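Reader: I've got this one open on my screen and a few things to ask about it. Can you walk me through some of its pockets and charged pairs?

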Amino acid sequence: MIFVDNGNNYDAATNIALETYLVENRLVDEPILLFYINAPSIIIGRNQNTIEEINQPYIEEKGIQVVRRMSGGGAVYHDRGNFSFCFIKDDDGSFRDFQSFTKPVIDALQSMGATSAELQGRNDLLVDGKKFSGNAMYARDGRMTAHGTILFDADLEEVNNALKPRKAKIESKGIKSVRSRVTNIKPYVDEKYQNLSTEEFRDLLLLEIFKVDSKEEVPELKLTPKDWEGVKKIRDERMGNWEWNYGKSPDFDVQHSNKFPFGFVDLKLNVSQGKIKDAKIFGDFFGLGDISDVEKNLVGTKYERKAMIESIEDLDIKKYIGDISPEELINQLLAS
């Protein structure tokens with residue numbers, strides 16, 4: 001096995017593009033181990049409806065990045081308090097064998113004091129019955145990656161805030177996440193590790209996995225400038241753009257409704273590939289003009305707050321609906 005250093009890059013889109021590049025390009029014959037730490041971000045499973053998984057107003061307010069990965073499974077929250085491990089190799093028939101891939105990590109954590117760390121169920125790592133790592137796999141053209149996260153010192157309150165389902169009624173064909181009791185592994189390792197930063201703990205775990213005393217002894221694959229150009233290309237074409245992260249979502253229907261001083265407004269949308277395919281507005285408000293003018297402007301718009309506001313900001317919303325601005329209307333509807 002050989003290690004790839006990501007250079008302490010914290011951009012989630014770049015890190016997931018790097019992992020994808022190593023899967024899609026066979027640089028060496030032996031298995032590869034990759035670690036990365038992401039700045040606050042939500043990593044969406046390949047087959048999920050992004051909107052259904054995230055608290056969109058909250059992540060916009062906090063500047064949390066949203067990135068869709070290549071593998072299936074559920075949505076996870078990343079911050080500087082957790083890190084991801086990825087085993088990348090030729091697909092030799094071990095796809096879905098989470099036991100063999102997670103064993104080196106479990107063994108290392110047990111040697112660092114977390115003696116109750118274990119794989120339970122299909123793909124979760126638990127300690128004392130609480131989940132500290134979720135794992136997923138992805139294969140393409142004879143290559144595969146098995147990857148997971150390790151909650152070391154993550155802000156668990158932010159996990160709940162960022163992934164909290166929105167109140168809107170959503171009917172979707174996307175794969176939904178299953179929430180479990182989660183914990184950081186930090187309280188379960190030996191005391192000498194508990195004052196370490198995430199980076200320091202990650203580096204010591206690396207030494208445990210390779211059974212060496214220093215990072216200089218870890219066999220390393222150095223990426224070339226050409227390799228990094230390939231990573232950037234994947235990032236630009238996939239993980240770094242809205243069409244991939246939101247537009248790849250399965251079709252879904254969504255309903256937002258709110259009681260305003262001027263009356264009740266009920267917004268029903270059909271969303272396809274992240275864009276509004278059909279829009280209907282109902283309610284007991286008193287308006288002038290045909291409400292279909294507002295509906296038509298919403299059609300073809302990205303299903304996101306800013307785009308929806310921009311699509312109707314040139315209309316006289318007060319005439320159609322009531323005494324409210326386009327920004328206030330959309331903000332209050334999407335928050336409901």
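**Charged pairs and a pocket**

Author: Let's start with Lys275, which counts as partly exposed because its relative accessibility is 33%. Bear in mind that this is a predicted model.

Reader: Which residue forms a salt bridge with Lys275?

Author: Lys275 sits in strand 14 (residues 275-283), and its partner is in helix 8, 32 residues apart from it. The closest N and O atoms are 3.8 Å apart, inside the 4 Å cut-off for a salt bridge, and the partner is Glu243.

Reader: Is Asp323 buried or exposed?

Author: Asp323 meets Lys318 in a salt bridge, at 3.5 Å from N to O. Lys318 is exposed, with a relative accessible area of 53%. The cut-off for exposed is over 50%, so at 63% relative accessibility Asp323 counts as exposed.

Reader: How many salt bridges turn up in the whole structure?

Author: One of them joins Asp153 and Lys186, at 3.5 Å from N to O. Elsewhere, salt bridges with shared partners tie Glu24, Arg140, Asp141 and Arg238 into one network. The search of the whole structure gives a total of 21.

Reader: What about the second largest pocket: how many nonpolar residues are in its lining?

Author: That pocket holds about 220 Å³ of space. Its lining has 15 residues, with Gln65, Val66, Trp242, Asn245 and Tyr246 nearest the centre. Sorted by class, 3 are charged, 5 are polar and the nonpolar ones number 7.

Methods:
Residues are numbered from 1 along each chain as its sequence is written. This is a predicted model: local features need pLDDT of at least 70, side-chain atom pairs count only at pLDDT 80 or more; totals for chains, interfaces and linings use all residues. Side-chain values use heavy atoms; hydrogens and water are left out. On a 1 Å grid over the protein atoms alone, a cavity is a set of points where a 1.4 Å probe fits but cannot get out, and a pocket is an open set with protein on both sides within 12 Å along at least five of seven lines; lining residues have an atom within 4 Å of a point. Grid points are joined across faces, edges and corners, and a volume is the space filled by probe spheres set on the points. Ala, Val, Leu, Ile, Met, Phe, Trp, Tyr, Cys and Pro count as nonpolar, Asp, Glu, Lys and Arg as charged, and the others, Gly among them, as polar. A salt bridge is a side-chain nitrogen of Lys or Arg within 4 Å of a carboxyl oxygen of Asp or Glu. Helices (H or I, at least four residues) and strands (E, at least two) are DSSP runs, numbered from the N terminus. Buried means under 20% relative accessible area, exposed over 50%, partly exposed in between (1.4 Å probe, protein chains only).
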